[in-house]
Amino acid sequence: MKKNKQYVHNSFAVFGSEGIDTVAIEQLEAAMRLPVTVAGALMPDAHPGYGLPIGGVLATLNAVIPYGVGVDIGCRMCLSAFPLGEDYLQKNREKLHQILNDNTRFGRQAFKKPMDHEVLEHPAFREIPVLRNLKDKAAEQIGTSGSGNHFVEFGILELPEPNEWKLPAGRYLAVLSHSGSRGLGAEIARHYTQLAKNLRGLKGEAGNLAWLDLESEEGQEYWIAMNLAGDYAAANHHQIHERIRRDLGEEPLLRVENHHNFAWKEKLPDGAEVIVHRKGATPAGKGVLGVIPGSMTSPGFVVKGLGNSQSLESAAHGAGRQMSRSAAKKNITPAMVKEVLKQHGVDLIGGGTDEAPMAYKDIRKVMECQRRLVEVIGVFTPKIVRMCGDNSPAED
């Protein structure tokens, strides 16, 4: 067995550094120089972003960086498994296609009759000025998924025995979704990032690392709005899974879900209270469950965190891109995507060449680089994937 690839680089741990673009490392180096920063780490799926790199984890003292959270606040994974086996999927592919078509919407699409949810009655929609004009959009988009790398898919979850849920070992029909806070989160990110930039006056690329003091009015507002966006993202997933559950006519045996693109109040091993930003990184505190997806032709993993302090109790949030969207569109053809999907027995509804499996890193190598961060407790294999595919701007 190969050793976990971990290196310490200028006072922060880099997991799997040989597979990470140097620009991503440089972006975290810049974040480490902020006067509010106390610790950082870089996950093995890391690639360049705005402000913090995707896969970047940063702990700050009494400060929150809106672009350290990201544009799609509270973007998250959610997996539900049902008491149906692989044979059900093979015999009912057309039905499952229809269930995805009927119960998911992406990008600019919305349901004619959106479901209601208590999150829409949150007092912040009345009390915080920037949110007052966003409630209608939030109500219109609830229960939907973003564009870019967001998806809802049927697949097979393989569980060993024993397992976390005391279920028999086997292969279960499961639904995995990836989406976030849609227009609500994007506007919160835009508004408070600009406020932070105006307050800090940082120049050039450093402007994307502008922070808000949590004791300031702006910082407190952002914290409330960020948490609202996170709750809204969770509501989107719960409605997606409820619609699918209803059409399947089965109750789920288990559900695992987790945020990325978020900030949490946590304590370091020395007891210091900090704000931990995980931009494209999964919480991996000891015993914490999560889902780390691969690409549409590679497995995803249900994991349990090991609480590694060097990663700030974090792990990768997916395979991570090895090719930008523009490069993928330039170098990958629809015929190439069709062939690789056929080889893996995967049906794709929507999607574009920018989300082709070849645009992503090898998830198995990513998982090998974080054996000290998470324990794998289940493996999910995608079989029927639905994505946006309408050329909407990426929301991730």
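User: At what angle do helix α4 and helix α9 pack?
Analyst: In this predicted model, local features need pLDDT of at least 70, side-chain atom pairs count only at pLDDT 80 or more, and totals for chains, interfaces and linings use all residues. Residues are numbered from 1 along each chain as its sequence is written, and side-chain values use heavy atoms, with hydrogens and water left out. Helices are DSSP runs of H or I with at least four residues, numbered from the N terminus; for α4 (residues 93–103) and α9 (residues 217–248) the axes lie 10 Å apart and the angle is about 140°.

User: Is α4 oblique or roughly antiparallel to α9?
Analyst: Angles under 35 degrees count as roughly parallel, over 145 as roughly antiparallel, 65 to 115 as roughly perpendicular and the rest as oblique. The angle between α4 and α9 is about 140°, and therefore α4 is oblique to α9.

User: Which residues of α9 make the contact with α4?
Analyst: Contact means heavy atoms within 4.5 Å. From α4 the contact takes Lys95, Leu96, Ile99, Leu100, Asp102 and Asn103. From α9 come Arg243, Ile244, Arg246, Asp247 and Leu248.

User: Which residue with a positive phi follows α8?
Analyst: The phi in question is near 65°. The residue that follows α8 is Gly201.

How values were computed
Helices (H or I, at least four residues) and strands (E, at least two) are DSSP runs, numbered from the N terminus. Axes are lines fitted to C-alpha atoms, for helices over the stretch in contact, and angles run from 0 to 180 degrees between N-to-C directions.
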